[in-house]
Amino acid sequence: SKGQGGDLGWFPADAFGPAFGQQVGGLQDGGVSQPFRTDAGWHIVQRVATRQTDVTTDNQRAQVRETIGRRKLEDEYNRFLQELRGEAYVSFRSGDRAENTATPPQS
C-alpha cells in the first residue's frame with residue numbers, strides 16, 4: 001500500500017488475516033485504530049466507510065481466476081528454483097591447494 005499512500009482500497013474485513021479483520025470490524029465508519037501488530041508488521045487503520053460486496057457470478061469467477069493465477073505463479077517460481085538448484089555446480093578440492101586456502105588470514 002506504500003505506493004498508494006497507505007490506501008488499501010475496498011476489501012473484505014478478513015482479506016489481510018483474522019487479526020487485521022478483527023481490528024477493522026471493531027471500528028465504526030470514520031474511526032481510527034490504535035497501533036496493532038500482525039504477522040505482516042505494525043498497522044494503524046482508519047475505516048472510512050462500509051459497503052456491501054458484489055456476490056454475482058462474474059465476481060466469483062474473477063476471484064477464482066485470480067486464485068488459480070496465483071497458484072500457477074507459485075508453482076512456476078518453485079520450478080524455476082529447482083532448475084537453478086539443479087544447474088548449480090560445486091567443486092570440492094583436496095590436497096595442498098585446498099589446505100592453503102582453508103587457513104584464515106593472520107591478524
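Mentor: Helices here are DSSP runs of H or I with at least four residues, strands are E runs of at least two, and both are numbered from the N terminus. Keep in mind that this is a predicted model: local features need pLDDT of at least 70, side-chain atom pairs count only at pLDDT 80 or more, and totals for chains, interfaces and linings use all residues. Residues are numbered from 1 along each chain as its sequence is written, and side-chain values use heavy atoms, with hydrogens and water left out.

Back to our pair: Glu 76 makes a salt bridge with Arg 79, with the closest N and O atoms 2.5 Å apart. By salt bridge I mean a side-chain nitrogen of Lys or Arg within 4 Å of a carboxyl oxygen of Asp or Glu. Arg 79 also forms one with Glu 83, this time with the closest N and O atoms at 2.7 Å. Arg 79 and Glu 83 are four residues apart in helix α2, again about one helical turn. Because they share partners, these salt bridges join Glu 76, Arg 79 and Glu 83 into one network.

How open is that trio? Glu 76 is partly exposed at 41% relative accessible area, Arg 79 is partly exposed at 39%, and Glu 83 is partly exposed too, at 38%. Partly exposed falls between buried (under 20% relative accessible area) and exposed (over 50%), using a 1.4 Å probe and protein chains only. Across the whole structure, the search finds four salt bridges.
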